Amino acid sequence: MASVWSVAYLMPPKALIASEPVAKGIQDNSFFIEEAYNQEPGVVQHIFNLPIDFTNGSREIAPSFTQEWPVFSQTHQFSYTIPYIFTEDDNGMEDMRLNYRLQAFMEDQYTPAFAPRLSLVLPTGDRDKGFGTGVVGYEFNLPFSKIVSDRWTLHFNAGMSVFPNQHQSHHLTNYNVGASAIYAVSRDFNVMLETLAGWNEDIAEGVFAFEETVERSTTAIISPGIRYAFNLPNDAQLVIGAALPIGLIPDSPDWGMFFYCSFEHAFLRSEPRPTK
């Protein structure tokens, strides 16, 4: 009798893909909630986000670009994020992030994927315009992901950021928690529901240094969305998506629109991989 491994080896790639959950067709392409899947060896991902928020009649547009690179294996991943912002009065770069993520656990039948992230926040934004903090900060996030059935995936995030000595030796500290449920209508089309809450500290704007005070706010949004994947030659994948975030409490934006585009491709020669 042939072993399980020899049978799998003899199966054609399409049969292997068909044996996987439909939910695996699109992974690591959420909008607000971080999925706990690092990049496979030899594969890079380019991500463009375009959120547009409306609050009390004013509009804010904050595009960002992210690249995710595996570091020799799927265990380690490096990425960077370059954000920009357009407000009603001004525009400029916000604080950049350099990110390291460890694939601590791979997903199996009982265990969720877990990939803690540590980020260095660089003071590239103009603090006087409210586009940055003016100091180097640190950000931590704990993302968990689990396929719970053939078509359903659940994700959970909890994290915090710290900006040292921002106000009279007081560290500004922010916390976030969020979760999402994703339903795979097909391997290439997903319906998403994401929720995110944050507890934030900031320096009050428009005052002199000796008058500065710490402002605290709480935000919460719920965001229904969709995403679609185009599977291209040489295992490349293009994913586009859109969402409609809605503020749930007063400090949140009233509502918004979110547009997403990701292109993932191999940068090294490798054996064919299952479609993500």
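Two strands pair if DSSP finds at least two bridges between them. Helices (H or I, at least four residues) and strands (E, at least two) are DSSP runs, numbered from the N terminus.

The structure is a predicted model, in which local features need pLDDT of at least 70 and side-chain atom pairs count only at pLDDT 80 or more, while totals for chains, interfaces and linings use all residues. Residues are numbered from 1 along each chain as its sequence is written, and side-chain values use heavy atoms, with hydrogens and water left out.

**Exercise 1. Find the partners of strand S8 and describe its two faces.**

Step 1. Strand S8 covers residues 117-122. Strand S6 (residues 96-102) runs antiparallel to S8 and is joined to it by 6 bridges. In this pairing, Tyr100 is the residue opposite Leu118.

Step 2. Strand S9 (residues 137-147) is also antiparallel to S8, with 5 bridges between the two. Here Gly137 of S9 stands opposite Val121.

Step 3. Now sort the side chains, using relative accessible area: buried means under 20%, exposed over 50%, partly exposed in between (1.4 Å probe, protein chains only). Arg117, Ser119 and Val121 point to one face and are buried.

**Exercise 2. Describe the largest nonpolar core.**

Step 1. A nonpolar core is a set of buried Ala, Val, Leu, Ile, Met, Phe, Trp, Tyr and Cys residues joined through side-chain atoms within 4.5 Å. The largest one here has 10 residues: Ile26, Phe31, Ile47, Ile182, Met192, Ala229, Val239, Ala243, Phe258 and Tyr260.

Step 2. Two strands, S14 (237-243) and S16 (255-266), each give this core at least two residues. Apart from this core lies another of 6 residues, including Ala23 and Ile147.

Step 3. Take Phe258, a residue of strand S16. Phe258 counts as buried because its relative accessibility is 4%. Contact means heavy atoms within 4.5 Å. Leaving aside neighbours within four places in sequence, the contacts of Phe258 include Phe31, Asn49, Gly241 and Pro245. Phe258 also lies 9.8 Å from Pro63, C-alpha to C-alpha, although 195 residues separate them in sequence.

**Exercise 3. Classify the ring pair of Phe105 and Phe114.**

Step 1. Rings of Phe, Tyr and Trp (its six-membered ring) pair if their centres lie within 6.5 Å; planes under 30 degrees apart count as stacked, over 60 as edge-to-face and the rest as tilted. The whole structure holds 12 aromatic pairs.

Step 2. The ring centres of Phe105 and Phe114 are 6.1 Å apart and their planes lie at 25 degrees, so this pair is stacked.

Step 3. Compare the two residues: Phe105 is partly exposed at 46% relative accessible area, whereas Phe114 is buried at 14%.

**Exercise 4. Locate Asp28 and Phe72, and say whether each is buried or exposed.**

Step 1. Most residues other than glycine have a negative phi. Asp28 has a positive phi, near 60 degrees, and the phi of Phe72 is positive too, near 70 degrees.

Step 2. Asp28 sits in the loop between helix H2 (13-19) and strand S1 (43-55). Phe72 is in the loop between strand S3 (64-71) and strand S4 (73-86).

Step 3. Asp28 has 8% relative accessibility and therefore counts as buried. Phe72, at 83%, counts as exposed.
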